[in-house]
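I opened my notebook to jot down what I looked up in this structure, one stop at a time. Here is how it went.

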Amino acid sequence: MSPVEMNLEARFEAYVAEDKKIEPKDWMPDAYRKTLIRQISQHAHSEIVGMLPEGNWITRAPSLKRKAILLAKVQDEAGHGLYLYSAAETLGVTRDQMLDDLHTGKAKYSSIFNYPTISWADIGAVGWLVDGAAIMNQVPLCKCSYGPYARAMVRVCKEESFHQRQGFQIMLTMAQGTPEQKALAQDAFNRWWWPSLMMFGPSDADSPHSGQSMKWNIKRFSNDELRQRFVDMTVPQAELLGLTVPDPDLKWNEDRGHYDFGAIDWDEFFNVIKGNGPCNKERLAARVSAHERGAWVREAAKAHAAKQAERRAKSSTHAA
Amino acid sequence: MSSTQHEWPLWEIFVRSRQGLGHKHVGSLHAADAEMAIQNARDVYTRRQEGVSIWVVPADAITASSPDEKDVLFDPANDKVYRHPTFYQLPDEVNNM
Amino acid sequence: MTEAQHLQAILRLGDDALVLGQRLSEWCGHGPILEEDIALTNVALDLIGQARNLYTLAGSREGQGRDEDALAYFRTDREFQNHLLVEQPNGHFGDTVVRQMFYDAFALERYAFLARQTVDPDLAGIAAKAVKELQYHWGHSSQWVIRLGDGTEESHAKVQESVIALWGYTGEMFMADDVDVACAEAGLLPDLEGVQRAWSVRVADGLSQATLSQPEDGWMQRGGKQGIHSEHLSYMLAEMQVLPRTYPNATW
């Protein structure tokens with residue numbers, strides 16, 4: 001490393017240590033840039049793949065009000081994907097490159113979206129649990145060291161706050177509804193509880209990138225810490241709903257001041273990541289198909305813009 | 001074949017949140033032309049009544065100062081404290097000046 | 001104009017808005033680019049919002065305790081009186097924006113009148129809000145038709161096909177039946193001949209900017225306003241209405 005680079009690296013480290021923000025054109029270590037690109041683009045992919053399981057119920061929403069709410073929510077997710085792609089683009093990667101990586105399976109997205117939404121209650125459970133877990137993960141990112149990512153996350157978190165509430169409200173309405181509705185709510189809770197706990201990622205002991213990311217202020221709490229916080233927050237909410245947490249080992253631990261909970265099936269988790277989840281193929285196929293079916297539209301708009309620019313140039317030469 | 005050259009250009013979006021305030025940078029997006037950029041900006045960045053006016057600027061039309069010049073550009077202002085009103089100690093009688 | 005005709009006029013407006021909003025909502029998550037996904041969803045949300053306002057008004061006028069959801073979820077395809085145009089499947093993006101442009105040009109004229117009329121001030125209030133939304137929709141759909149028509153050879157050919165395929169569904173919007181005639185005489189609805197003239201100018205201008213040729217006015221499909229629909233509508237309703245009809249005692 002040359003003296004100049006050492007100097008730059010020292011300045012970068014000092015900035016991050018002081019909790020200052022790094023901005024796009026500032027010098028940054030290659031590994032920092034790569035880590036950010038990986039994390040932000042994964043995050044963006046999760047938003048747009050995440051549109052699919054919920055989008056699955058837009059046309060079947062049981063009231064016009066619910067339909068409007070769900071549309072607005074799924075639309076927000078598109079917006080969040082867009083903010084995040086933009087944040088990643090400031091690091092020198094294009095959206096097309098990121099989409100290529102998603103479509104070829106090189107890039108990952110949150111594996112929770114590989115589970116199916118098979119009833120309307122799933123829309124409630126996804127809002128309540130999946131968005132709840134996502135918020136828990138995302139709030140600390142509003143303070144992460146990379147400026148554009150932190151700013152995007154501020155926007156995301158602000159908009160996201162209605163998402164969890166609408167999910168909980170669906171669950172509440174169903175849990176207090178007819179016996180059939182309550183059964184649907186419990187069934188959805190049973191299926192989404194464990195995958196939601198998996199959303200915080202592997203146990204700290206098995207989380208390869210965590211240490212460095214914490215040092216760089218990209219990550220501020222460990223996976224297990226956040227998971228515990230989520231369980232502690234959610235169990236009383238389930239009690240309020242009158243639903244049973246599908247975990248026989250769950251109990252309050254007076255000494256720790258936290259809930260103890262059962263073992264997570266990491267074998268399932270890693271299999272879903274590897275592509276063996278119930279909907280991995282459908283999700284990716286839907287994204288690829290939308291992109292490919294849109295290719296001629298994107299081309300046409302570009303061609304039209306070029307023609308228009310040419311016409312403008314011609315008419316201004318004539319005028320001059 | 002890389003598809004990167006097919007991408008629509010990137011636009012930086014500035015929104016005036018209400019009359020009387022300046023336009024503030026809110027983010028960016030892709031659009032084929034300026035008109036589309038305005039429409040997209042409206043849909044992406046003002047869904048919650050965040051704006052009354054939008055500017056769209058092609059990202060590659062922006063010239064930015066270099067972070068390497070940060071010291072050269074901005075440090076010289078450090079010692080010109082006499083540019084700030086608090087530098088001047090005046091008698092209490094004229095305290096509202 | 002009888003009360004029943006007045007009510008029917010409001011319901012028809014609501015049905016057009018809901019059916020087209022439902023169609024557009026199918027795009028959510030599948031648009032050609034993220035920005036456009038968001039834009040189409042915004043249009044869908046506007047239309048569903050219009051439908052809710054109109055159904056709520058219709059329900060209160062009817063006075064039988066039916067709310068927006070009773071009207072959306074518990075009527076059959078024979079009771080829906082939307083135009084055939086709006087129930088046509090999304091097809092590709094070009095089909096969707098052409099359908100939208102044809103509808104927007106019509107709805108703009110119709111709602112501009114509705115906002116001005118004084119026979120039904122409640123309806124005028126709903127329409128005044130809708131007019132602003134529709135102006136935006138028209139800008140969006142017509143700009144897209146122009147981009148696709150005057151884009152690449154491929155897009156030009158595709159969207160020309162869309163125009164030809166959907167043209168036969170435009171005539172129905174201007175065929176006045178008893179309800180239209182009575183409501184126009186009472187000053188509630190615009191005269192459809194005038195609407196057609198304005199529509200034709202608008203659409204001809206859009207198509208010409210798009211370098212697209214306008215099909216000859218041949219036979220026009222009809223029946224929507226009488227509840228005799230294409231095969232598509234009953235599938236759409238089956239999907240849309242499945243939950244409330246499966247669990248009729250539930251609230252959501």
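I began in the loop between helix H8 (210-215) and H9 of chain A, which is where Asn217(A) is found. This is a predicted model, so I kept an eye on confidence as I went. Is Asn217(A) buried or exposed? I noted it as buried, because its relative accessible area of 13% falls under the 20% cut-off.

I then looked up Thr211(C), another residue with a positive phi, about 55°, that is not a glycine. Thr211(C) is also in a loop, the one between helix H9 (192-209) and helix H10 (232-246) of chain C. Its relative accessible area is 43%, so I put Thr211(C) down as partly exposed.

**Chain A as a whole**

I stepped back to chain A and found twelve helices and two strands. Reading from the N terminus, I wrote the order down as α-α-α-α-α-α-α-α-α-β-β-α-α-α. The C-alpha trace of chain A spans about 75 × 55 × 35 Å along its principal axes. Of its 320 residues, 56% count as buried. I also checked contacts in chain A between residues at least 6 apart in sequence: 76% of them join residues at least 24 apart.

**Two helices that meet**

Next I followed H9 of chain A. At what angle do the axes of H5(A) and H9(A) cross? My entry says roughly 145°, for helix H5 (residues 120-138) and helix H9 (residues 223-241) of chain A, with the axes coming within 10 Å. The crossing of H5(A) and H9(A) is right-handed. On the H5(A) side the contact residues include Trp128(A), Leu129(A) and Met136(A). On the H9(A) side they include Phe230(A), Met233(A) and Leu241(A). Sorted by class, the contact has nine nonpolar, four polar and one charged residues.

**From chain A to chain C**

I picked Lys65(A) next, which sits in helix H3 (residues 64-89) of chain A. Leaving out residues up to four places away in sequence, Lys65(A) touches Arg52(C) and Glu68(C). I marked Lys65(A) as partly exposed because its relative accessibility is 40%.

In chain C I stopped at Ser141(C), in helix H6 (residues 121-149). Why does Ser141(C) count as buried? Its relative accessibility is 0%, so buried is what I wrote. Apart from neighbours within four places in sequence, Ser141(C) is in contact with Val97(C), Gln100(C), Met101(C) and Asp104(C).

**The nonpolar core**

How many residues does the largest nonpolar core have? I noted 191, with Trp120(A), Tyr146(A), Leu29(B) and Tyr111(C) having the most contacts inside it. I followed up Tyr111(C): beyond neighbours within four places in sequence, its contacts include Leu13(C), Leu54(C), Tyr103(C), Ala127(C) and Leu134(C). Gln50(C) is also one of the residues in contact with Tyr111(C).

**Confidence**

I finished with the predictor's own scores. The complex gets an ipTM of 0.98 and a pTM of 0.94. Chain C has a mean pLDDT of 98, and 100% of its residues reach 70 or more. Chain B averages 87, with 95% of its residues scoring at least 70. Which element of chain B has the lowest mean pLDDT? I found it to be helix H2 (residues 70-74) at 80, while strand S3 (residues 53-58) has the highest, 97. A reminder to myself: where pLDDT is low, the predicted coordinates should not be read in detail.

Terms used:
Residues are numbered from 1 along each chain as its sequence is written. Chains are lettered from A and ligands numbered from 1 in the order in which they are written. This is a predicted model: local features need pLDDT of at least 70, side-chain atom pairs count only at pLDDT 80 or more; totals for chains, interfaces and linings use all residues. Side-chain values use heavy atoms; hydrogens and water are left out. Helices (H or I, at least four residues) and strands (E, at least two) are DSSP runs, numbered from the N terminus. Buried means under 20% relative accessible area, exposed over 50%, partly exposed in between (1.4 Å probe, protein chains only). Contact means heavy atoms within 4.5 Å. Axes are lines fitted to C-alpha atoms, for helices over the stretch in contact, and angles run from 0 to 180 degrees between N-to-C directions. A crossing is left-handed if the near helix is turned anticlockwise from the far one by less than a right angle, and right-handed if clockwise. Ala, Val, Leu, Ile, Met, Phe, Trp, Tyr, Cys and Pro count as nonpolar, Asp, Glu, Lys and Arg as charged, and the others, Gly among them, as polar. A nonpolar core is a set of buried Ala, Val, Leu, Ile, Met, Phe, Trp, Tyr and Cys residues joined through side-chain atoms within 4.5 Å. pLDDT is the predictor's confidence in each residue, from 0 to 100.
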